[in-house]
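Dear colleague,

Please find the structure below, together with its sequence.

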Amino acid sequence: MAKSQTSFNCTACGASHSKWSGRCDACGEWNSIVEEAPLSSGPGAKSLGAKRGKTVALTDLSSTEAPPPRTTSAIAEFDRVLGGGLVPASAILVGGDPGIGKSTLLLQAAAALANAGLKAVYVTGEEASAQVRMRAQRLGLADAPVKLATETSLRDILTMLEAERPDVAVIDSIQTMWLDTVESAPGSVSQVRAAAHELTTFAKKRGMSVILVGHVTKEGQIAGPRVVEHMVDTVLYFEGERGHQFRILRAVKNRFGPADEIGVFEMTGMGLAEVANPSALFLAGREDPTPGSVVFAGIEGTRPLLCEIQALVAPTPHSQPRRSAVGWDGGRLAMILAVLEARCGVPFTGLDVYLNVAGGLRISEPAADLAVAAALLSAREDVALPRETVVFGEISLSGALRPAGQTENRLKEAGKLGFSAAITAAGAKPGPGAAVELKTWPDLPAFVGEMFGAG
Ligand code: TYD
Ligand code: MG
């Protein structure tokens, strides 16, 4: 029997399967597996046999040469997410939903880096040059020394890069690029992978930094940016709600700096503007003390960030009450509801629960547990927390409260924004000279009893 010639790849996570199925075993995504022509090389191709390769040169870990310096652009939020500027010969992936502002950000970044003295090339496979020029004009960047190309053939692009030798090249987007050595269509897992591989190895060899744009795809035949995450040094995601003007550039992987660092931008008529004081932005428009509204003192990357957590609890006529969380993990919400019910005797049966992080922010810190619990209780009991109070702390399944890391930084930021008190776990270390009064509790039942008289 002839051996199967094609492979079945998942467009969400890139896993290869020997046959088609409706659901990818590796990532659990439905309807993401597509049939593709096999690669002529790489794992699964013919074995190397007895033929020898050339020897690989070995070097020591210690080196006398100093690493080439990073280049900082005029966009401080962009530099911060990269870990303090662009590292030479690095490969960066910028993922995000279509229309969120990736092209705008990277055109601005390319211009800023070009103005900082780097030779920058912007290659677009999505728009006509005239469109990009029009956008540059609108952003006030028409005079920036960025070179522009419209091309999708990677062979031609690499030839151009070889001749031009830029310091940084933006490829917008990796899903539009194609290699003539790969049989499948542009945007397929094989093409996207091969194109990213060619570009990153070229970048390392030639000492050029490459920034790849990757659209997050919801379904269908186009491979998502996750397929190339492992090949690049730095993975950034550009997030935000379409309805909000805030955009967050988040580092999820960084070989040259801290992961989880964020940069905050605002989409304006003149492109993306940096937000120097995000806490003030995320707390703007907060009304007088309202039941269900709590200010969480969080940490995003290396920076403290205050934001508002809102909860709404309402009786439901349905037997299955709704649990909805925007900007916070739904599973974590269920856990906190269960702890409130089991440990504090505060039931949420027959009640719809809605939780929302204001401003379109997404938080994943466990330190937000206590703020979420406080918002839920405040909404349920219809009692507002004192206005000048921030909340943070982790809740364990036993109902005990654990102090969160970086208490000092959180309190400093709260003090800066005019908050005078903080509710948190016993054992939190305020640090010297904290202007914010600490109110601590050892566990959730004690907190619930004293603040809300419930439980
Ligand atoms: P774009 O960068 O094209 O998104 P992506 O490359 O991620 O698909 O941005 C598209 C959106 O940004 C579009 O809806 C218009 C908006 N926008 C502004 O609001 N102001 C601007 O100055 C620019 C250039 C775009
Ligand atoms: Mg774009």
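The notes below take up the conventions, the chain, the ligand, the aromatic rings and some backbone features in turn.

This is a predicted model, in which local features need pLDDT of at least 70 and side-chain atom pairs count only at pLDDT 80 or more, while totals for chains, interfaces and linings use all residues. Residues are numbered from 1 along each chain as its sequence is written, chains are lettered from A and ligands numbered from 1 in the order in which they are written, and side-chain values use heavy atoms, with hydrogens and water left out.

**The chain**

Along the principal axes, its C-alpha atoms fill a box of roughly 75 × 60 × 50 Å. Of the 455 residues in the protein chain, 48% are buried. Here buried means under 20% relative accessible area, exposed means over 50%, and partly exposed lies in between (1.4 Å probe, protein chains only).

**Ligand 1**

Ligand 1 is surrounded by 17 residues, and the closest are Gly-99, Lys-102, Ser-103, Thr-104 and Gly-271. A residue counts as near if one of its heavy atoms lies within 4 Å. By class, this shell holds 8 polar, 5 nonpolar and 4 charged residues. The classes are as follows: Ala, Val, Leu, Ile, Met, Phe, Trp, Tyr, Cys and Pro are nonpolar, Asp, Glu, Lys and Arg are charged, and the others, Gly among them, are polar.

At least two residues of the shell come from each of helix 2 (102–115), helix 3 (129–138) and strand 11 (262–268). Helix 2 gives the largest share, 3 residues.

- A polar backbone atom of Gly-99 is 2.7 Å from an oxygen atom of ligand 1.
- An N or O atom in the side chain of Thr-104 is 2.6 Å from an oxygen atom of ligand 1.
- A polar side-chain atom of Arg-135 is 3.0 Å from an oxygen atom of ligand 1.

On its own, ligand 1 has 560 Å² of accessible area, and the protein covers 73% of this. Accessible areas come from the Shrake-Rupley method with a 1.4 Å probe.

Helix 2 also contains Leu-106, which counts as buried because its relative accessibility is 0%. Leu-106 and Val-94 are 12 residues apart in sequence, and their C-alpha atoms are 8.9 Å apart.

**Aromatic rings**

The model has 4 aromatic pairs. Rings of Phe, Tyr and Trp (its six-membered ring) pair if their centres lie within 6.5 Å; planes under 30 degrees apart are stacked, over 60 edge-to-face, and the rest tilted.

Phe-238 and Phe-265 form an edge-to-face pair, 6.1 Å centre to centre with 75° between the planes. This pair links distant parts of the chain, with Phe-238 in strand 9 (residues 234–239) and Phe-265 in strand 11, 27 residues apart. Both Phe-238 and Phe-265 are buried.

Phe-447 and Phe-452 are also edge-to-face, because their ring centres are 6.0 Å apart and their planes stand at 80°. Phe-447 is buried at 0% relative accessibility, and Phe-452 is buried at 10%.

Arg-380 lies over the face of Phe-348, 5.6 Å from the ring centre. The rule for such a charge is that NZ of Lys or CZ of Arg is within 6 Å of the ring centre and within 35 degrees of the ring normal.

**Loops and backbone**

The loop between strand 7 (168–172) and helix 5 (189–206) contains Ser-184, which is buried at a relative accessible area of 12%. The side chains of Ser-184 and Ser-188 make a polar contact of 3.0 Å. A polar contact is a pair of N or O atoms within 3.5 Å; within protein, one must be able to donate a hydrogen and the other to accept it, and residues adjacent in sequence count only if both atoms are side-chain atoms. Ser-173 is found in the loop between strand 7 and helix 5, and a cis peptide bond with omega of about -5° joins Asp-172 to Ser-173.

Asp-260 is not a glycine, yet has a positive phi of about 75°. Asp-260 is in the loop between strand 10 (246–254) and strand 11 and is partly exposed, at 45% relative accessibility. Asp-382, not a glycine either, has a positive phi of about 60°. Asp-382 lies in the loop between helix 8 (369–381) and strand 17 (389–391) and is exposed, with a relative accessible area of 59%.

With kind regards

Terms used:
Helix = DSSP H or I, 4+ residues; strand = E, 2+ residues; numbered from the N terminus.
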